Amino acid sequence: MYQPKPNPRKEYRQQESQRVQDSATLAEAFQGLKTLTVDLSYFSPESLKRNSEIKYTVNLAYAKARFRFNCPNDQCVAGDFDLSQVLAKLVAARQAVVSGEMLCQGWRCHSGIGQMPCHHRLRYKLTAEYERPLAHAQPDYAGANHGNED
Ligand SMILES: [Zn+2]
C-alpha cells in the first residue's frame with residue numbers, strides 16, 4: 001500500500017490511528033476504573049457557538065489508552081485532540097471529574113501548513129467512577145491478559 005500523492009493529513013491520521021491500535025485498552029491501562037463518561041463540545045475558531053456536542057459512556061474494554069478525538073475540521077492537518085494525559089492524571093489522582101479546554105494544534109488545511117493554525121476548540125468533561133478506594137490502586141496485571149493478540 002502506498003499513496004500516489006503525498007497526503008499529510010491522511011498520513012498523519014493513519015500514523016495516529018496505528019498508535020491508538022498499538023496502545024492498551026483503558027481496562028488494561030487503568031485497572032480500578034469502573035466507568036468513564038465523556039462530554040465533548042466542539043467550537044470552530046470563528047464562532048463562540050458550539051458546533052456539536054457528544055456525550056457517552058466509554059467502553060473500557062475497547063477504547064484505547066491513547067485517548068484521542070478527531071478534530072471536527074475536515075481539512076485539518078496533523079491536529080486532533082489528545083486527552084490521554086488528562087485521563088491518566090484523572091485516574092492517577094482517583095478524581096471523579098476533570099474538565100477543561102483544548103485547542104487543536106494542527107493546520108487549517110493543506111495550503112495552510114506552516115501558516116494557518118486550525119484552532120478548533122474542544123471543551124471536555126470526563127467523569128470517572130472507580131472500583132475501590134486508593135488502597136488497592138497499584139497496577140497489577142494478574143489475570144488481565146487473556147491472550148488476545150492477533
Ligand atoms: Zn484541527
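The legends below walk through several close-up views of a predicted model.

Some housekeeping comes before the views: residues are numbered from 1 along each chain as its sequence is written. Because the model is predicted, local features need pLDDT of at least 70 and side-chain atom pairs count only at pLDDT 80 or more, while totals for chains, interfaces and linings use all residues.

**View 1**
Helices (H or I, at least four residues) and strands (E, at least two) are DSSP runs, numbered from the N terminus. Along the sequence they follow the pattern α-α-β-β-β-β-α-β-β. Of the 150 residues, 17% count as buried; here buried means 20 or more other C-beta atoms within 10 Å of a residue's own, exposed means 12 or fewer, and partly exposed lies in between, with C-beta atoms placed from the backbone.

**View 2. Four strands make an open sheet in the order β2-β1-β6-β5.**
The pairing is antiparallel, and two strands pair if DSSP finds at least two bridges between them. β2 (50–57) and β5 (97–103) each have a single partner strand, so one side of each is left without a neighbour in the sheet. From one strand to the next, the twist averages 15 degrees; axes are lines fitted to C-alpha atoms, for helices over the stretch in contact, and angles run from 0 to 180 degrees between N-to-C directions.

**View 3. Thr-37 has a threonine opposite it in β6 and another in β2.**
Strand β1 (residues 33–43) is joined to β6 (residues 121–130) by 10 bridges and to β2 by seven. β2 is hardly covered: among its eight residues, the count of buried ones is zero.

**View 4. Helix α3 (residues 84–92) packs on the sheet.**
The helix touches β1, β5 and β6, and its direction makes about 30 degrees with that of β6. Two residues are in contact if their C-beta atoms, placed from the backbone, lie within 7 Å.

**View 5. Asp-80 and Arg-94 have positive phi values.**
Most residues other than glycine have a negative phi. Asp-80, with phi near 85 degrees, sits in the loop between β3 (68–69) and β4 (81–82). Asp-80 is buried, with 21 other C-beta atoms within 10 Å. Arg-94, with phi near 55 degrees, belongs to the loop between α3 and β5. Arg-94 counts as partly exposed because it has 14 C-beta neighbours inside 10 Å.
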